[in-house]
Amino acid sequence: MGTVTTPRIEQDKFLYGLFKDLGDYSLSYIYRGNFNPQLSDRILALAETNMNITGESQKTQKRVYFVMVESLQNITRHQDTKAEDDNTGFFVVQSSGKEHRIATGNVIDSDQVDALRGKLEMVNSLDQDTLKSYYKEMLSTTRLSEKGGAGLGLIEMARKTGNKLAFDFQSISDHLAYFYFQARITPEWNENPSAGTLDYVKEIHRLTRERHISLIYQGFFTHDNLKSLLSMTEGSVVSSEDLAFKRKSVNVMIELLQNICNHAASIDASREGKPGILLVTTEKEGCSLAAGNYIHTAQVQKLAAKIDRVNRSSDKELDDFYAETMMTESEPGARGAGLGFIDMKIKTGNNLDYAVMPVDDKVSFLSLRIKVNR
């Protein structure tokens, strides 16, 4: 059968590094790809679930929800579904304390840049009272179209957030530009509202393009938001006409999410759920699904032994291991992590790639990645 190997530490620091980089936020949701109304609905449902879990006020929830709807509609209206991978839509939601940031990115025609910049600068130059009057004036004179009103959504976002709107344009070609936009929702109105910076959003966008990342979710995983997260992922990242590929991808996603919810360690007893990160990378031959979470250091060797045994087992040995694990992990209502590892190997035919990063004497960070072939 061979010997148990030591879990790899240097093999993959990326997921842990990303998890730590996003650590200033209690939640980070990042998606890059093509958008449609169904995907938007699932993203909104996930956001609503998470705000309910954290006990966000109804007033703040309504403001966040409105900005998200406007931002998602803007991408859907203006995106080029045939755009190259680097130029697809980009959407970011991040929460830190009681502050929420919603950022988007999408391709626009270069000849629209000056007009859009003018609208945004106009909106940012007005105070709240003037914005209200300006909105009423625009509402009575603007003709709505498939592309929306001439800046009505921008005016309302500035009004409801109480902050200036951050924006920037980057030239792609003689005919196209990439439009970055961000709105900030803070708990109280600011005497000197600011737009914030887009530098971090641009850096995340660059990272997702370079590594072909479609989705990042960092935050607290609970059984309440698991269903919303799975629904959103199933309907977007792993959407495919190849039903067999879609089925495999969804099954692996379920195992990864359940593993975090059921078996991850929590380092903050005051928070509901388990902290972790989920990442999806799309490739021509399929996709890679990765998850990271804290585990108790005392469990590392036992966990590594299970994964190593799964990776080196033949199909027949996997069947035997599955039956053996069922017998030893048969508590009512519980399912051991060992069964999930075996399921993922059987369904994909690929090994589980993992790494363990020491955090302190009590806790380590487990990165688990598996490829799903078309």
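Helix 4 (residues 113-124) and helix 6 (residues 152-161) pack at an angle of about 30°, their axes lying 10 Å apart. Helices here are DSSP runs of H or I with at least four residues, strands are runs of E with at least two, and both are numbered from the N terminus. An axis is a line fitted to C-alpha atoms, for helices over the stretch in contact, and the angle between N-to-C directions runs from 0 to 180 degrees. The packing angle makes helix 4 roughly parallel to helix 6; angles under 35 degrees count as roughly parallel, over 145 as roughly antiparallel, 65 to 115 as roughly perpendicular and the rest as oblique.

This is a predicted model, in which local features need pLDDT of at least 70 and side-chain atom pairs count only at pLDDT 80 or more, while totals for chains, interfaces and linings use all residues. Residues are numbered from 1 along each chain as its sequence is written, and side-chain values use heavy atoms, with hydrogens and water left out.

Which residues join the two helices? Leu116, Lys119, Leu120 and Val123 in helix 4 meet Leu154, Ile155 and Ala158 in helix 6, where contact means heavy atoms within 4.5 Å. Of the residues in this contact, six are nonpolar, none is polar and one is charged. In this scheme Ala, Val, Leu, Ile, Met, Phe, Trp, Tyr, Cys and Pro count as nonpolar, Asp, Glu, Lys and Arg as charged, and the others, Gly among them, as polar.

Helix 10 (residues 300-312) and helix 11 (residues 315-328) pack at about 145°, with axes 9 Å apart. Lys306, Arg309, Val310 and Arg312 of helix 10 make this contact with Glu317, Leu318, Phe321 and Glu324 of helix 11. Here three residues are nonpolar, none is polar and five are charged.

The next topic is aromatic rings. Rings of Phe, Tyr and Trp (its six-membered ring) pair if their centres lie within 6.5 Å; planes under 30 degrees apart count as stacked, over 60 as edge-to-face and the rest as tilted. By this rule there are 13 aromatic pairs. In one of them, the ring centres of Phe169 and Phe179 are 5.1 Å apart and the planes are at 20°, so the pair is stacked. Phe169 belongs to strand 4 (residues 166-171) and Phe179 to strand 5 (residues 176-185), so the pair ties together parts that are ten residues apart in sequence. Phe179 also pairs with Phe181, 6.1 Å centre to centre and with 45° between the planes, in a tilted arrangement.

Are these residues buried or exposed? Both Phe169 and Phe179 are buried, a word that means under 20% relative accessible area, with exposed over 50% and partly exposed in between (1.4 Å probe, protein chains only). Phe179 has a relative accessible area of 4%, and Phe181 is buried at 3%.

Helix 1 (residues 14-21) also has buried residues: Phe14, Leu15, Tyr16, Leu18 and Phe19. They pack against helix 7 (199-210), strand 6 (213-221), strand 7 (274-283), strand 8 (286-296), strand 9 and strand 10 (363-373). Tyr16 and Phe19 form one aromatic cluster with Tyr294 and Phe365.

Two single residues remain. Glu70, in helix 3 (residues 58-78), is buried with a relative accessible area of 17%. Leaving aside residues up to four places away in sequence, Glu70 touches Gly153 and Met157. Asp353, in strand 9 (residues 353-358), is partly exposed at 31%.
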